[in-house]
Amino acid sequence: MENAIEIRNLTKKFGDFVAVNDISFDVKKGEIFGFLGPNGSGKTTVIRMLIGLLSATSGSGNVLGYDIMKENAEIRKHTGYMSQKFSLYDDITVEENLDFYAGIYGVADDQLAQRKREILEMADLVGKEKLITGSLSGGWKQRLALGCAIIHEPEMLFLDEPTGGVDPIARRQFWDIIYSLSQKGVTVFVTTHYMDEAEHCNTIGFFYYGSVLLMDTPLNMKNHVSGAAGDSLSPGGGGSAAIGGSTALAKPTLEDVFVYLVEQKTDEEDNYETEP
């Protein structure tokens, strides 16, 4: 399958601080790709480099075939971006926000009415067009922000912590929309620190303070950690064993996987520092 993203040895430094450390990965077209990691681990920095809001210190990459170093304008034409913090205007209406972003993305006048109607239906905002955006609940705001990000029908969508601060029902509704977009062929790159959301992704990458710990399907990741326990795990499943100083389950969750990978990395760093 053709890749939507190809990144090689991407690095970003802010002075002496290494925010992103020599990472390489691919994202397949049409898949939901999850980038998981704690707050402050560099996930947002990666997205900003991919869409041209930040310049990489070194490395290379392309998004939808466009060079992230040289063709930022083309990347932004063909992608949508929903930032970590609510980025719409609170003091104007739902419809006015849609009109504003349609103008930014260059939606043609003869397509605008249809696109707004499709967005309102998708986000279940029909009848709320004239409401002031600031009066909406967190879940409604998130759906409106998503609608604004896709009003120009992008081939790829970047979602940075899209469900932060919303209730579980709103999170489920939001993911239903993401599934629908993926089924239509839109590639979705989503960052999150919610482990349960990772189960919805085709591929996930665990990101920890600038480095990729592991990248695979959720099932393969769990099998990876279960297999790492070897014979010490209960053969019947459901048992546990100490791995890397922690308890790893025979049927681990993604949270177990992440804890295991972090401890493995920490052990490697400690061993490196103590070597003569």
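Predicted model: local features only at pLDDT ≥ 70, side-chain atom pairs only at ≥ 80, totals over all residues.
Pockets come first. Rolling a probe the size of a water molecule over the atoms shows where empty space is left. The largest pocket found here has a volume of about 270 Å³. Its lining is made up of 16 residues, and those lying nearest the centre are Arg76, Gly80, Tyr81, Tyr101 and Tyr105. Strand 6, helix 3 and helix 5 (138–149) are the elements that each give two or more residues to this lining. Strand 6 supplies the largest share, with four residues. Sorted by class, the lining of the largest pocket holds 11 nonpolar, four polar and one charged residues.

The second largest pocket comes in at about 200 Å³. Around this second pocket sit Arg115, Glu118, Ile119, Met122, Ile150, Glu153, Pro154, Leu181, Lys184 and Val186. Here helix 4 (residues 109–122) provides the largest share of the lining, again as a group of four residues. The class breakdown for the second largest pocket is six nonpolar, no polar and four charged residues. Take Arg115, one of the lining residues: this arginine is found in helix 4. Arg115 counts as buried because its relative accessibility is 9%, and the cut-off for buried is under 20%. The C-alpha atom of Arg115 is separated by 9.3 Å from that of Leu98, a residue 17 positions away along the chain.

Next come the charged pairs. Side chains of opposite charge can pair when their charged atoms come close. In this model, the count comes to 12 salt bridges. One of them joins the side chains of Lys141 and Asp90, with an N to O distance of 3.6 Å. This pair ties together distant parts of the chain, since Lys141 belongs to helix 5 and Asp90 to the loop between strand 6 and helix 3, 51 residues apart. Lys141 is buried, with a relative accessible area of 16%, whereas Asp90, at 36%, counts as partly exposed.

Another salt bridge brings together Glu95 and Lys130, at 2.5 Å from N to O. Again, distant parts of the chain are linked: Glu95 is in helix 3, while Lys130 is in the loop between helix 4 and helix 5, 35 residues apart. Lys130 has a relative accessibility of 64%, so this lysine counts as exposed.

Lys116 and Asp99 make up a further pair, and their closest N and O atoms are 2.9 Å apart. Lys116 is buried at 12% relative accessibility, and Asp99 is partly exposed at 30%. These last two pairs also belong together: Glu95, Asp99, Lys116 and Lys130 are linked in a network of salt bridges.

Finally, there is the surface. Tyr89, Phe100 and Ile104 form a nonpolar patch there, and together they have about 290 Å² of accessible area. Tyr89 lies in the loop between strand 6 (79–82) and helix 3 (94–105). With a relative accessibility of 40%, Tyr89 counts as partly exposed.

Note on methods
Residues numbered from 1 in each chain as written. Heavy atoms only, no water. Patch = residues over 30% accessible without salt bridge, like charges linked within 9 Å, V, L, I, M, F, W, Y side chains within 5 Å. Areas by Shrake-Rupley, 256 points an atom, 1.4 Å probe, with all protein chains shown as cover. Salt bridge = Lys/Arg side-chain N within 4 Å of Asp/Glu carboxyl O. Buried < 20%, exposed > 50% of the residue type's maximum accessible area, 1.4 Å probe, protein only. 1 Å grid on protein atoms, 1.4 Å probe; cavity = no way out; pocket = protein on both sides within 12 Å on 5 of 7 lines; lining within 4 Å. Points joined across faces, edges and corners; volume = space filled by probe spheres on them. Nonpolar A, V, L, I, M, F, W, Y, C, P; charged D, E, K, R; others polar.
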